[in-house]
Amino acid sequence: MIKKILIANRGEIAVRIVRACSEMGIKSVAIYTDADRYALHVKKADEAYNIGSDPVIGYLNAHNIVNLAVAAKCDALHPGYGFLSENPVLAEICAKRGIKFIGPSPQVIRQMGDKIQARKAMIDAGVPVVPGSEHNLESIAEAKELAAKIRYPVMLKATNGGGGRGIRRCNSEDELIKNYDRVVSEATKAFGKPEVFMEKCVVNPRHIEVQVMGDSLGNVIHLFERDCSIQRRNQKLIEIAPSPQLSRAQRDYIGKIAVQAAKTVGYENAGTVEFLLDQDNQFYFMEMNTRLQVEHTVTETITGIDIVQEQIRIASGLPLQYKQEDVNYRGFAMEFRINAEDPKNDFLPSFGRVTRYYAPGGPGVRTDAAMYTGYVIPPYYDSMCAKLTVWSLTWEGVVERGKRALNDMVVYGVKTTKPYYIEILKHPGFVGRKFDTSFVETHPELTNYSVSRPKESLAAAISAAIAAHVGL
Ligand code: ADP
Ligand code: ADP
Ligand code: MG
């Protein structure tokens, strides 16, 4: 059994992993750069090591991180999400140095990280896949030819993409010509690889993804689906489990398909198979994420299964604790990504000092945050500073609880997406369970809310500043 884990990440997900370790009697080791000296994960872990002055580079240096894991006598490493979590080289270095990588094999990470290879594997497995490229596009001429065949609108996508970047919709040949070089340059800049491919654009789809878990003995189960259709610019904002838009028959069908997909590639540990559901209720495979997902909390909430603890057990070589027929779900869970952004100003990032923070509580409320009163949100990282997850037995109940908990939550000092989510929860289309990935774009009026913030007293602001300065 694993006894000590290095967490190769920061922010709320590093805190989440520390919590799992602590409940399992496992020691946790945090890493941090200078910008994160006062970050919550550093305070919560059993040990913490500085990995350099640059805010980001340290978190991306696989060799250094594994060296540190060895030096700190860790026997495993958890990559979280983002950063190196989908980098097969980290998993390889871990294997070489005798550190258990908490995730799938490097081969599977590599195969699924390349969306063309992933599409091929799924087509071979008999999984329905969005029509599109069989290999990377080599020229604009080839792109035009394929688009004429699969018909507009089409999507140009970075083959090694992630995080919603490097994706553009093209409604005509003119737009295709205009976007081609852009996507190639975005892909090169964001992912270090210029390869792009084409998919048919599924118009106004629902984003439905299935959580899967596989152990080292070849057992694979699913933990039902999540509906992540509430997105802005291909990035998720609100996630729901189970999808309020699926019938039980659709749920059973897509769960089986996801397990089939995971078994085909020999999947081990936690992973997510993402699908698009079109207006005619056809599912299409889109991609597989070979890591813990931001929105795993909603699945934990409806199933009662601690996904991070299960990941650690699997990496220790233990069999899955659950058979498919043992896994059930109850009610609905909804997660809100509390981003330090100003919805009224085109979601411009809003970093700086959190002068007051209060985590909401009460029945059916969970908060995963990386902040505290006095914490300064640094500008170098993702703008997500907390996740709020609510649960209720019914759909109507979870919508009401979401509003109540968002209203309960206090974040002063920076602007967040919190008030915007309350507007979404009031919208009849959302409440009526009829929404797709175009929802945010087609409802710009939802950012027209007014917020009345009580003025922070000078004393509160000064005490917060002192607290942050002394690293409380
Ligand atoms: P999830 O799929 O878990 O919802 P997101 O797509 O929101 O996750 O990504 C979670 C984090 O990981 C974000 O900070 C995102 O920018 C980052 N990320 C995801 N994929 C990649 C990638 N291929 N390269 C770099 N960063 C990524
Ligand atoms: P990433 O790796 O960045 O998460 P995905 O392939 O998962 O990229 O796509 C992210 C989002 O972009 C999807 O959730 C969906 O909203 C949109 N999208 C991607 N491909 C298509 C497509 N072929 N048709 C319509 N929307 C798409
Ligand atoms: Mg995706």
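# Close-up views of a predicted model

**View 1. Ligand 2 and its surroundings.** In this predicted model, a side-chain N or O atom of glutamine 231 sits 2.7 Å from an oxygen atom of ligand 2; this is a polar contact, meaning a pair of N or O atoms within 3.5 Å (within protein, one must be able to donate a hydrogen and the other to accept it, and residues adjacent in sequence count only if both atoms are side-chain atoms). The protein covers 95% of the 550 Å² of accessible area that ligand 2 has on its own, with areas taken from the Shrake-Rupley method and a 1.4 Å probe (for residues, only the protein chains shown count as cover). Helices (H or I, at least four residues) and strands (E, at least two) are DSSP runs, numbered from the N terminus.

**How to read the views.** Residues are numbered from 1 along each chain as its sequence is written, while chains are lettered from A and ligands numbered from 1 in the order in which they are written. Because the model is predicted, local features need pLDDT of at least 70 and side-chain atom pairs count only at pLDDT 80 or more, whereas totals for chains, interfaces and linings use all residues; side-chain values use heavy atoms, with hydrogens and water left out.

View 2. Glutamate 274 belongs to strand β12 (residues 269-277) and glutamate 287 to strand β13 (residues 283-289), so the pair ties together parts that are 13 residues apart in sequence. Both glutamate 274 and glutamate 287 are buried, where buried means under 20% relative accessible area, exposed over 50%, and partly exposed in between (1.4 Å probe, protein chains only).

**View 3. Ligand 1 and its polar contacts.** Look for arginine 337, which has a polar side-chain atom 2.6 Å from an oxygen atom of ligand 1. Aspartate 382 has one 2.7 Å from an oxygen atom of ligand 1, and lysine 236 has one at 3.2 Å. The protein covers 77% of the 550 Å² of accessible area that ligand 1 has on its own. In the shell there are 16 residues, the closest being Gln293, Val294, Glu295, Arg337 and Asp382.

**View 4. Helices α10 and α11.** Helix α10 (residues 296-303) has 7 of its 8 residues buried, so it is largely enclosed by the rest of the structure. After α10 comes glycine 304, with a positive phi near 80°. In helix α11 (residues 307-315), 8 of the 9 residues are buried, so this helix is also largely enclosed by the rest of the structure. Aspartate 306 caps the N-terminal end of α11, with a side-chain oxygen 3.2 Å from the backbone nitrogen of valine 308. Just after α11, glycine 317 has a positive phi of about 95°.

**View 5. Two cis peptide bonds.** The bond from tyrosine 152 to proline 153 is cis, with omega near -5°. Proline 153 lies in the loop between α7 (140-150) and β6 (154-158). From alanine 241 to proline 242 the peptide bond is cis as well, with omega near -15°. Proline 242 is in the loop between β11 (235-241) and α9 (248-264).

View 6. Most residues other than glycine have a negative phi, and most peptide bonds are trans. Phenylalanine 83, though not a glycine, has a positive phi of about 40°. This phenylalanine 83 lies in the loop between β4 (76-78) and α4 (88-96) and counts as partly exposed at 30% relative accessibility. Asparagine 269 has a positive phi near 80°. Is asparagine 269 buried or partly exposed? At 1% relative accessibility, asparagine 269 counts as buried, and its place is in strand β12.

Key: Near = heavy atom within 4 Å.
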